[in-house]
Amino acid sequence: MSDAQPSRAGDDTMILAEDVEKWFGHFQALNGITTSVRRGEVVVVMGPSGSGKSTFIRTLNRLERHDRGRIVVDGIELSDDIRNIERIRSEIGMVFQSFNLFPHLTVVDNITLAPRNVRRWPKATAADKAMQLLERVGIPEQAKKYPAQLSGGQQQRVAIARALAMEPRIMLFDEPTSALDPEMIKEVLDVMEELAGSGMTMVVITHEIGFAREAGDRVLFFDAGRLVEEAPPDVFFTSPQTERAQLFLSQIL
Amino acid sequence: MSGALPGDLERASVRVDEEPAVQVAPLGPPLTRAEWIRRNLFSTWFNGSLTVLSGALVLFLGFHFLRFVFVTADWSVFRANLRVYMVGRFPLEHIWRVWAVTFFLAGLIGVSRGVLTPARWTRRRLLVVSPAAALGVGAALYLVRSALVWTLMGVAAATYVAGVAAGRRLGRRLVRPLLVGWLLAFPFVVVVLSFGDVGADRWGGLLLNVIVAVAVIALSFPLGILLALGRQSSLPAISWFCVGFIELIRGVPLLTLLIFGRFVLILLLPPGVAFAQIVRAIFMFTLFSSAYVAEIVRGGLQGVPEGQYEAARALGLSTTRTLALVALPQALRTTIPPMIGHFISVFKDTSLLAALSFSELLFTARRASQAFEFIGHQAEALLPAALLFWMIAFAMSRWSQRVETRVGVGER
């Protein structure tokens, strides 16, 4: 692994992946992934389950370690240096399919935990920021409740607020609406669309075609660990180039 | 199955219009007492005879027990040795120290209760508490023959009640001072009981059991958490050491460890370094207990879902902070029942110190039963000791239930 170095692809590149490979034992989860994400771009990642899309975005904040190739995030190359990793993670927000809120903390404490302990913000500053974010995701009245007292959609919006509290430059979403009841999907997608409109750089795994068309700048289609197709949403959904993507779309459309 | 579904649904929906699909037992008028007894106790011949038999057994045992307690038994062995049961051979001219500690703890416990639990005197609680209190007062009046001791006990009770009242009035503002008070309580108690010419070797009776139990619990809890974390460490040297320690300690009976502490530990210490017998016993007991605490905490940590660690890491929290702020708080909360269970065991196991001739409660009771003038009254000597053990263990168990409901908020 080489030392951290600025990306050579120009200032506008937030994420650069070059020939990334990842193995789980003998199973190759990622095979030669090369792509980049510009500042403010919203990239939608699609593909059948087991295609490596989740593994891919988890390598971007090193929840998974990539085995080969290189990944540069915001000018810093991901390596085994733990300080680098923690710094990069605090610049990247992540939202999970199963929310992963901390059940022993109130909503506001969930949001302020990382700012207070990683960024060293004073309690009042962090709480103010948390309330602003809860306003933004539309549930300021839930601040004092515990996660278990909220609906799934509300929990996911808290999780988005928690990630935003660190003032990240990039947001990763790993199937954020897959665990939600249909009537709650929209409230989460609305928040995500608002976020996309505000210029946040986002990488989103989702099967929500409406969101992809509305907010996405580009679709990455994964299959069997490879990045098979890469196109703007209107092109991808109307005239997919590869047979695999055509089959996939015929199943979900 | 999918083929049968529409038909089922159709029939179900028709039924719903008329009456609930699930038959609920009719909620008729409440049963009369005679009807309740007939249905629950004498529904069949077999159940009826079981009821009669077990009822007779309960009456028989209850009658003999009560007759023993109130008629046959001669409690003078307990009455004569009451002070020894409580404090062993603690010197009489220093007994004020014990009373000072009693008042301090009565106040501290009272204030804590006042702060933590709102006043809720349901009729059911009164129904349980008042006979118990009456029984306690009656027993005290019967056992204690000294006006001074009555007065002091009254003062302790009054301190407790005043503490509860103060805690209720001042409420949450007292939480911080209370925490400090509890943290300082144990060192304070030890100092008050031992400074000057009263050494730790003069402690005895129930006092010794309680001090040893509190010391072992207070020391083994953090040590056990460290062992549990060490066991999961990614550094093999640390995790192997922790696993080895835990398995070694858990594989040896507690009594063996205590005897080791008494006779072998001294040989391992550098010459000139000496600790009181009781300190060595507490040391070995703490090692024993911490191995169990470690395994309880490990179980709790395994119950914390992987997603919690991932979420914490994704936020940029370091491994240490992830453990301290996310994993451990959840793990410790789910382990309250087994943890308190273990602590109750620790308290009861302090009676093993009798085997090493420490004059703890059980030892004292046996010694009392062997005195010439009380020969033939072993039951009267030993039962009070059992009752004292039970009372404290029961209080711990009740306290654990209260803690559980308090921290259960937001549990998923």
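Visitor: How far apart do the C-alpha centres of domain 1 of chain B and domain 2 of chain B lie?

Guide: In this predicted model, those two C-alpha centres are 24 Å apart. The domain assignment places domain 1 at residues 91-196 and domain 2 at residues 198-412 of chain B.

Visitor: How many residues does each domain bring to the contact between them?

Guide: Domain 1 of chain B gives seven residues, and domain 2 of chain B gives eight residues. On the domain 1 side, helix α9 (residues 175-194) of chain B has the largest share, with three residues. By class, that domain 1 side holds four nonpolar and three polar residues, and no charged ones.

Visitor: Now the chain as a whole. Which elements make up chain B, helices or strands?

Guide: Chain B has 19 helices and zero strands. Its radius of gyration is 28 Å, well over the 22 Å from the globule rule for 412 residues, so chain B is more spread out than a compact globule.

Visitor: What percentage of the 412 residues in chain B is buried?

Guide: Buried residues account for 25% of them. As for contacts in chain B with a separation of 6 or more, 78% join residues 24 or more positions apart.

Methods
Residues are numbered from 1 along each chain as its sequence is written. Chains are lettered from A and ligands numbered from 1 in the order in which they are written. This is a predicted model: local features need pLDDT of at least 70, side-chain atom pairs count only at pLDDT 80 or more; totals for chains, interfaces and linings use all residues. Helices (H or I, at least four residues) and strands (E, at least two) are DSSP runs, numbered from the N terminus. The radius of gyration is taken over C-alpha atoms; the globule rule is 2.2 Å times the number of residues to the power 0.38. A residue is buried if 20 or more other C-beta atoms lie within 10 Å of its own, exposed if 12 or fewer, and partly exposed in between; C-beta atoms are placed from the backbone. Two residues are in contact if their C-beta atoms, placed from the backbone, lie within 7 Å. Domain bounds come from an automatic or database domain assignment. Ala, Val, Leu, Ile, Met, Phe, Trp, Tyr, Cys and Pro count as nonpolar, Asp, Glu, Lys and Arg as charged, and the others, Gly among them, as polar.
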